[in-house]
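I opened my notebook for this structure today. I wanted to go through it piece by piece and write down what I looked up.

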Amino acid sequence: MSTSSPARPVTVTVTGAAGQIGYATVFRAAAGDLLGPGTPVRLHLLELPQARRAAEGTALELQDGAFPLLEGVEVFDDPAAAFEGASVGLLIGSRPRGPGMERADLLEANAGIFSVQGRAINAGAAEDFRAVVVGNPANTNALIAASHAPDVPRERFTALTRLDHHRAVAQLAAATGARTAEVDGVAIWGNHSATQYPDLTHATVGGRPALEVLAAAGHDRDWVAGTFIPRVARRGAEIIEVRGGSSVASAAHATLCHVRDWVLGTPQGSWTSMAVASDGSYGVPEELVSSFPVTCRNGAATVVPGLELDAFSRERVERSVQELAEERAAVAALGLLGPRG
Ligand SMILES: NC(=O)c1ccc[n+]([C@@H]2O[C@H](COP(=O)([O-])OP(=O)(O)OC[C@H]3O[C@@H](n4cnc5c(N)ncnc54)[C@H](O)[C@@H]3O)[C@@H](O)[C@H]2O)c1
Ligand SMILES: O=C(O)C[C@H](O)C(=O)O
């Protein structure tokens, strides 16, 4: 019998817990896919009052999973109570876009949610609180939440571009006939939107430069610009069109990977993509939450320094960052930015 004391449970608040991504996330979080097999979790499920009953049903099912790592589940419709004592926030709850909608259409509809939650986090979350925003437009929603939580370091509010990263890895593997495990060094820059820049210029396939491997497979730089980049950047819309609804299980998987790597670290010698509060690297203004290649150590994400960006890459990054600046200006004009601005 082990004599070591059990690890302290971590409180994880999941917003939109009765929604599709929430439902696909919480069972895996309870099974250890979020914080690893050594960390017990206590789940706080936050929903709108009208969906509270459905979240209570999810809580019943979580109980029925008899997960050894699950220390408890509570259901809330009050953000202040739901974030009390939370160390991790999975900010999923918001309206998804439907066929024909662009993410910008969601800006006003969803922005209000994140100001309220930012204030609740500021008031009651644990000192080590960190959040990933999944609800779209994710980067700007993270910015809004951070602006309303001036006592929480801004780098603790991130947004999900790990799904885009996975999409880029998978498309590169498919185009070169490689396994996804052979792909490394892909990066997503900018906004989680159609302007994002999935960058292959530092990527490798089986240890060889990806652009060389692609060229050998008959795919030149025009293919990258004209086929690969739009395929990845518009994959969300493709899923909506083909499935009849936005991505769910792949988004849940990416959310779990994002937090797990952030907390437990990225593999040695490798990076991932996360939307983080800019530190000014690569000319991205500090007041924006933008996707970058990052490494994670000791619970902190650091933008990979010193990557060479060619003229094409610079133009693509700037275009997406410009969109982020426009989104920020739009929410500022709506009065949705908090005291941190
Ligand atoms: N960043 C990404 O890669 C990515 C990928 C896929 C989907 N998304 C986004 O994730 C979000 C959720 O998608 P979904 O498919 O789960 O949607 P869904 O409609 O199935 O679920 C959303 C849930 O959020 C709840 N909700 C709404 N406002 C809330 C609030 N203020 N507090 C708590 N809960 C609230 C709703 O009641 C609903 O149950 C959407 O905005 C979607 O666009 C992002
Ligand atoms: O594109 C969407 O609206 C859903 C999601 O952000 C996605 O990328 O699948």
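I looked just after helix H6 and found Gly177 with a positive phi of about 70 degrees. The model is predicted: local features need pLDDT of at least 70, side-chain atom pairs count only at pLDDT 80 or more, and totals for chains, interfaces and linings use all residues. Residues are numbered from 1 along each chain as its sequence is written, and chains are lettered from A and ligands numbered from 1 in the order in which they are written.

**Helix H6**

I then went back along H6 itself, residues 162-176. Helices here are DSSP runs of H or I with at least four residues, strands are runs of E with at least two, and both are numbered from the N terminus. H6 has 15 residues and reaches 21 Å from its first C-alpha to its last. That is close to the expected 21 Å, where the expected span is 1.5 Å times one less than the number of residues.

Is H6 mostly covered or mostly open? It is mostly covered, with 11 of its 15 residues buried. Buried means 20 or more other C-beta atoms within 10 Å of the residue's own, with C-beta atoms placed from the backbone; exposed means 12 or fewer, and partly exposed is in between. Among the buried ones I noted Arg162, Asp164, His165 and Leu172.

**The stretch 161-330**

I checked the record next. An unreviewed UniProt entry annotates residues 161-330 as "domain: Lactate/malate dehydrogenase C-terminal". Such annotations may be inferred rather than shown by experiment, and positions use the numbering here, with feature names shortened. The chain over 161-330 is 47% helix and 18% strand.

**A sheet**

I traced an open sheet of three strands, in the order E7-E10-E11, with antiparallel pairing. E7 (183-184) and E11 (208-209) are at the edges with a single partner strand each, so one side of each has no neighbour in the sheet. E7 and E10 (residues 204-205) pair over two bridges; pairing takes at least two by DSSP. Val183 has Val205 in E10 as its bridge partner.

**Ligand 2**

Which residues surround ligand 2? I listed Arg97, Asn136, Leu163, Gly236, Ala237, Ile239, Ser246 and Ser247. A residue is near if its C-beta atom, placed from the backbone, lies within 6 Å. Helix H9 (residues 235-243) gives the largest share of this shell, three residues.

**Ligand 1**

Of the 29 residues around ligand 1, Gly16, Gly19, Gln20, Ile21 and Gly93 come nearest. Helix H1 (residues 20-30) gives the most to that shell, with three residues.
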